[in-house]
Amino acid sequence: MNMAEGDTLISVDYEIFGKVQGVFFRKYTQAEGKKLGLVGWVQNTDEGTVQGQLQGPISKVRHMQEWLETRGSPKSHIDRANFRNEKVIVKLDYSDFQIVK
């Protein structure tokens, strides 16, 4: 049985720049991640950005990347999104999508 390309599991780190703190960005990111069935984490940084890691089927991760780049939370203003360290993984490292304090 061959897994379709869209079902390949990947992991990718992200950092979002703009007005992304104090606008419920983490809460919305967690909700969107869970809705898509992704796992990973999200946290605020001291630099005023939001960073984290996404893991899941490639098609769902791509959807989430687009959401992080263009949508975010209703009151956020996203300047840019950096994605790095993308790699194919055999299994998920997390059981859910968490907000890290």
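This is a predicted model: local features need pLDDT of at least 70, side-chain atom pairs count only at pLDDT 80 or more; totals for chains, interfaces and linings use all residues.
Let's start in the loop between β1 (9–19) and α1, where Phe 24 is found. Is Phe 24 buried or exposed? With a relative accessible area of 57%, Phe 24 is exposed, because the cut-off for that class is over 50%.

Now follow the chain into the helices. Two packed helices are described by the angle between their axes and the distance between the axes. Here, helix α1 (residues 25–36) packs with helix α2 (residues 58–70) at an angle of about 155°, and their axes are 10 Å apart. Angles over 145 degrees count as roughly antiparallel, and so α1 is roughly antiparallel to α2. The crossing in which α1 passes α2 is right-handed.

Which residues make this contact? From α1 come Phe 25, Tyr 28, Thr 29, Glu 32, Gly 33 and Leu 36. On the α2 side you will find Lys 60, His 63, Met 64, Trp 67 and Leu 68.

Finally, move on to strand β4 (residues 77–88), which holds Asn 85. Asn 85 is another residue other than glycine with a positive phi, again near 60°. Its relative accessibility is 49%, so Asn 85 counts as partly exposed.

Conventions:
Residues are numbered from 1 along each chain as its sequence is written. Side-chain values use heavy atoms; hydrogens and water are left out. Axes are lines fitted to C-alpha atoms, for helices over the stretch in contact, and angles run from 0 to 180 degrees between N-to-C directions. Helices (H or I, at least four residues) and strands (E, at least two) are DSSP runs, numbered from the N terminus. Angles under 35 degrees count as roughly parallel, over 145 as roughly antiparallel, 65 to 115 as roughly perpendicular and the rest as oblique. A crossing is left-handed if the near helix is turned anticlockwise from the far one by less than a right angle, and right-handed if clockwise. Contact means heavy atoms within 4.5 Å. Buried means under 20% relative accessible area, exposed over 50%, partly exposed in between (1.4 Å probe, protein chains only).
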